[in-house]
Amino acid sequence: MRMLDRVSRSPWIWSWLAAFVVWFATIMVTGGASTLDLSQAALTFAAFSIIVGIGQMFVITLGPGNVDLSVPSTMTLAGTVALKLMDVDNAMIVPGLVVAVLIGIGVGMLNYALIKALRIPPIIATLSVSFIVQSAAIWTNRGLRIKPPSFLADFTTANSFGLPNVAIIALIISIFAWFLLEKTVYGRWISAIGQSTPAAKMAGIPVDGTRFVTYVFCAVLASLAGYLLACFSGGAALNMGSEYLLMSIAVVVLGGTAVAGGDSNVPGIWGASLFMFLVVSMLNTYGLGAGIRLIMTGLIIISVIMLAGGRQPGAR
Amino acid sequence: MRLTISADAIRLAIPALSLTMLLAAVFWLQPRAMSYVGLNLLFNLAVPIALATIAQMLIMAVNDLDLSMGTFVSFVACVTATFLRDAPMIGALILAGVVMVYAVLGVVIHLRNLPSIVVSLGMSFVWAGLAVLLLPAPGGQAPDWVRALMTMKPPFAPMAIVVSVAIAAAAHLLVMRSSLGVLIRGVGGNERSVERAGWSVLAARAAAYGLAGFFAVLAGIALVGLTTSADANIALRYTLLSIAGVILGGGEFIGGRVSPVGAVIGALTLTLAGSFLSFLRISPDWQIGAQGAILIIVLALRLLLNRVEKREKGR
Amino acid sequence: MPRGAVGPRGEFSWSKPTSMTGDKPKAIVEVADAKVSFGAVKALDGVTLAIRPGECVGLVGHNGAGKSTIVSVINGGLTPHQGSISADGDILAHYGINAARERGVRCVFQELSLCPNLTVVENTRILHRHLGGFGWRKRAKEVIERSLDAVFPGHGIASDRSVGELSIAERQMVEIAMAFSDAGVAPRLVILDEPTSSLDASLAEQMLTYVRHFVAAGGSVILISHILNEILSTASRIVVMKDGRIVADRPAADWTDQSLVEAMGSVVKGEAHRRATRDLAAAPVVIEQGGRGMPFRAKRGEIVGLAGLAGHGQTRMLMKLHAAKTSDWLPRRDLAVTFVAGDRRLNGVFELWSILKNLSIGSLGDLAKRGVVNAAAEAERGADWKRRIDIRTQDLANRILSLSGGNQQKVLFARALSTRAPVVLMDDPMRGVDVGTKQEVYEIVRQQAAGGRTFVWYSTEMEEVCLCDRVYVFREGAIVAELAGGAVTEENILAASFRGAEA
């Protein structure tokens with residue numbers, strides 16, 4: 001009973017519950033015929049929002065006003081450059097990955113450099129950076145669609161032990177993120193900063209260093225997701241990141257992470273990401289269009305935030 | 001009488017200066033642009049951006065932020081290209097209704113003390129969904145009067161410039177000169193003292209949101225007048241453009257420091273930046289990037305100026 | 001219960017039988033037997049105060065005497081938990097900010113109460129709700145300029161400038177002029193809380209001159225100031241508060257600054273806790289800081305007190321000391337300083353966290369290996385400090401907010417004391433803490449200081465300041481006096497805080 005009580009109070013349970021209800025509602029219609037396919041597809045597509053969402057979650061945990069809008073363009077640039085470098089050559093997979101990660105590190109550093117040097121809110125700093133990064137992506141891409149190396153193309157679309165490979169990667173990253181948040185000093189620090197930056201400062205936490213690392217971490221995860229997504233979809237497209245701007249924020253909010261900062265939630269990201277994909281497929285199954293799906297998503301986000309309420313007065 | 005240049009004037013000077021410089025550079029590169037037709041081409045899309053920027057500015061005046069501006073303008077464009085043409089009464093009712101929705105959002109955000117970023121994020125999905133329902137594929141047609149209005153050719157100056165000036169003047173009167181504008185900016189500046197003087201902060205916030213909705217509706221209508229048809233993604237860039245426009249124009253995220261004239265200039269600058277780069281024969285690839293760079297440069301300039309100002313004050 | 005006669009009640013032993021019978025005009029605002037308490041602290045403990053037309057009441061008292069609280073009651077911002085408020089002879093059941101404003105009660109707050117982004121004229125519009133309609137700018141301009149010209153002749157403030165770009169002195173001038181401005185409802189009682197804190201001598205004199213005119217014309221003023229000369233020269237009556245009570249109320253002519261300082265203090269308190277003076281002459285200096293006024297310096301094992309009226313630069317000094325010894329970019333293995341917050345909500349507790357996490361955040365460096373927190377070591381240290389400082393909870397895993405204020409404060413102490421930092425900075429941490437907890441903490445501080453730890457202790461409570469080896473007294477942002485050993489007495493501290501360096 002106590003267990004049940006505890007679980008029902010965990011913020012992540014709701015996104016899981018919602019995902020399960022939608023999953024169930026979908027397979028009821030299809031008569032369970034495509035249960036496995038549906039689950040695998042959900043895991044595959046959710047994996048990308050999970051990776052991006054975890055990075056965004058770390059940033060949002062830093063407190064009100066912290067958000068990274070450069071996520072989509074970072075994804076695009078990392079995917080484009082990596083594919084170009086690898087040039088369908090299986091031997092270049094590791095250098096491609098390294099370059100993608102380096103791009104992430106570069107964007108993250110640029111983001112925080114602007115936030116700190118120009119003292120502008122993260123939202124506008126990351127926005128400016130995203131414009132530049134997007135241009136760099138367009139410039140490298142030049143409309144060409146280079147195929148990923150065959151090994152990567154196969155790997156990202158295949159399953160191991162019945163689970164999609166990308167979902168396994170997302171799982172590994174999630175466990176790593178959970179470990180960072182729950183077990184390490186760094187995790188304590190970002191939570192402390194998110195709850196009260198002045199208090200964190202006075203408790204001797206290196207606030208700037210911690211925030212810097214967090215922005216870099218978020219950008220690296222975005223570039224990783226871009227790398228995987230480009231390989232998965234058989235080539236980098238210029239708009240491949242665009243849907244992840246709102247998505248990355250939405251899964252964080254739906255997953256039960258405190259919007260006001262200080263409290264993050266890795267399992268919730270999974271529930272929310274699965275939910276976001278499953279809603280699409282459910283409404284497709286019912287023959288409802290994209291319009292209804294979008295409206296429902298929006299209403300759900302608003303209901304979640306209304307229920308959660310504003311914790312910190314003055315934090316908008 | 002001491003001669004003092006107020007901080008507001010300095011705030012306005014940077015955007016005005018950057019616009020002038022950009023314009024001079026364009027004329028230097030392409031003297032033919034210095035004509036009625038040339039200017040019209042350069043600033044063609046400025047009107048809807050300027051209106052959306054004013055809308056965003058009103059929200060920012062009360063220390064909030066609207067991430068749904070782009071999808072909302074797209075939705076309004078869809079309504080304009082369908083209902084407003086085919087059934088003007090219903091179309092007008094819908095548009096009045098959504099302005100009300102904006103005011104209600106302001107009330108809810110204030111009462112429940114919600115983060116406006118998240119609420120408007122949610123609303124952006126709702127508007128996008130409604131737009132897709134209205135126009136699943138690009139289509140519709142602008143009402144004739146809207147089309148006629150937007151393609152009017154007034155003497156001396158092209159329509160885009162005339163309308164931009166009119167928008168700036170109207171918004172200035174509303175936000176900077178009227179009692180309501182003072183109240184709205186007061187909420188952004190010091191909510192407590194406004195409350196202590198006996199005003200309803202709730203009403204002020206609702207009014208700011210409602211007015212923002214109104215200007216955003218105008219932006220959608222103007223946009224369709226220029227493009228003749230609409231689609232559900234027509235104005236997605238406007239969210240970011242409108243925020244950037246306010247910031248370029250000397251506005252700030254918190255503290256109720258906004259400038260309608262600056263915001264319109266910011267919107268014009270952003271519009272012009274694109275044309276400028278194409279004249280420079282910089283590959284179109286870098287156009288978005290250049291907008292980002294301009295944003296950074298202007299913000300850096302402003303920081304520098306604030307520092308100087310502070311040092312002078314310290315003396 | 002209507003009260004016939006104005007004047008203080010008989011139960012106060014201090015009240016001299018003054019000849020205030022029915023011939024005096026009715027009080028603009030009268031507070032009778034008001035009691036206000038915040039938690040365990042009695043902010044007002046039965047205060048009766050009447051402000052009549054045509055008098056300027058000087059209000060003095062040291063930190064925590066209840067000055068701000070009685071001001072809040074009079075301006076309608078705070079409803080007393082007990083007692084009644086009457087205005088113009090009528091007892092009012094519902095007295096709030098708007099009711100007070102309707103009766104012409106105005107207040108100049110210590111913190112900035114204008115909108116910095118608006119111009120002076122626009123701020124006037126916000127303050128005077130009935131100024132609206134076409135052409136309001138012109139009317140507002142007239143209202144505020146008339147008032148500015150009257151209070152500060154030759155002020156040179158353009159009313160179309162935004163408040164944010166005015167200097168601090170100019171802002172304060174605008175605030176004062178705003179309070180005296182008349183747009184429909186004339187000001188009858190103006191409360192000035194430290195109005196001259198950022199004005200230079202000539203501006204302060206202009207203002208005080210205006211106050212005298214205003215009072216002579218039948219208006220009333222409550223004047224709070226740490227500059228006793230201002231009060232003595234301007235007020236017609238001076239009220240001295242201490243510990244939430246009025247301890248003296250006499251015409252200004254009966255006071256001297258000596259007798260005021262004496263009335264604010266008390267004789268018995270604090271002395272009992274005095275400890276033997278230790279010889280620290282040989283101890284090395286561990287932390288120092290220059291700045292305006294005297295330099296700050298603290299030695300190993302010393303308890304250094306920062307005293308003076310609240311808000312005169314003590315907290316800023318602590319922040320400076322902290323910032324100088326910490327880094328925002330890299331974690332430090334060996335902390336040089338640690339901090340105990342006074343404003344728990346602002347820079348103390350992490351509200352979402354358990355007690356244990358709140359306690360251990362300061363010393364994670366010692367509890368972690370390669371960045372990973374050792375949960376067993378953390379729990380052990382938590383249990384250790386729970387016992388040592390007696391944090392009253394069943395389980396350290398409970399939320400920090402489940403604790404009472406005093407126990408939260410103990411957690412913050414444990415957070416700081418459990419580090420290895422040689423210097424502990426304390427920002428008036430015992431505000432609103434119960435007596436038992438205080439005694440426990442004093443004991444720990446004493447032990448730790450004996451063990452070689454340095455404490456820099458800002459306190460608004462005289463009793464605590466008297467526990468220190470050496471005390472720096474702050475006034476207007478600078479250290480104006482240094483008292484050591486036997487010289488650390490309430491009289492000396494009060495004298496320095498109210499009269500400055502010459503004391």
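Reader: What makes up the secondary structure of chain A?
Author: This is a predicted model, and in it the secondary structure of chain A comes to 14 helices and two strands.

Reader: Why does the radius of gyration of chain A agree with a compact globule?
Author: A compact globule of 316 residues would come out near 20 Å, and chain A has 19 Å, so the two agree. Along the principal axes, its C-alpha atoms fill a box of roughly 55 × 50 × 35 Å.

Reader: How much of chain A is buried?
Author: Buried residues account for 58% of the 316. As for contacts between residues at least 6 apart in sequence, 78% join residues at least 24 apart.

Reader: What makes Ser196(A) count as buried?
Author: The cut-off is 20 or more other C-beta atoms within 10 Å. Ser196(A) has 24 such neighbours, so it counts as buried. You'll find Ser196(A) in the loop between helix 9 and helix 10 of chain A.

Reader: And which residues does Ser196(A) touch?
Author: Leaving out residues up to four places away in sequence, Ser196(A) touches Asn347(C) and Phe350(C).

Reader: How many residues does each chain bring to the contact between chain A and chain C?
Author: Chain A brings 19 residues and chain C brings 25. On the chain A side, helix 9 (185-195), helix 10 (197-202) and helix 11 (207-232) each give two or more. Helix 9 gives the most, with five residues.

Reader: What kinds of residues are on that side of chain A?
Author: They split into nine nonpolar, six polar and four charged.

Definitions and conventions
Residues numbered from 1 in each chain as written. Chains lettered and ligands numbered in written order. Predicted model: local features only at pLDDT ≥ 70, side-chain atom pairs only at ≥ 80, totals over all residues. Helix = DSSP H or I, 4+ residues; strand = E, 2+ residues; numbered from the N terminus. Rg over C-alpha atoms; globule rule 2.2 N^0.38 Å. Buried ≥ 20, exposed ≤ 12 C-beta atoms within 10 Å, placed from the backbone. Contact = placed C-beta atoms within 7 Å. Nonpolar A, V, L, I, M, F, W, Y, C, P; charged D, E, K, R; others polar.
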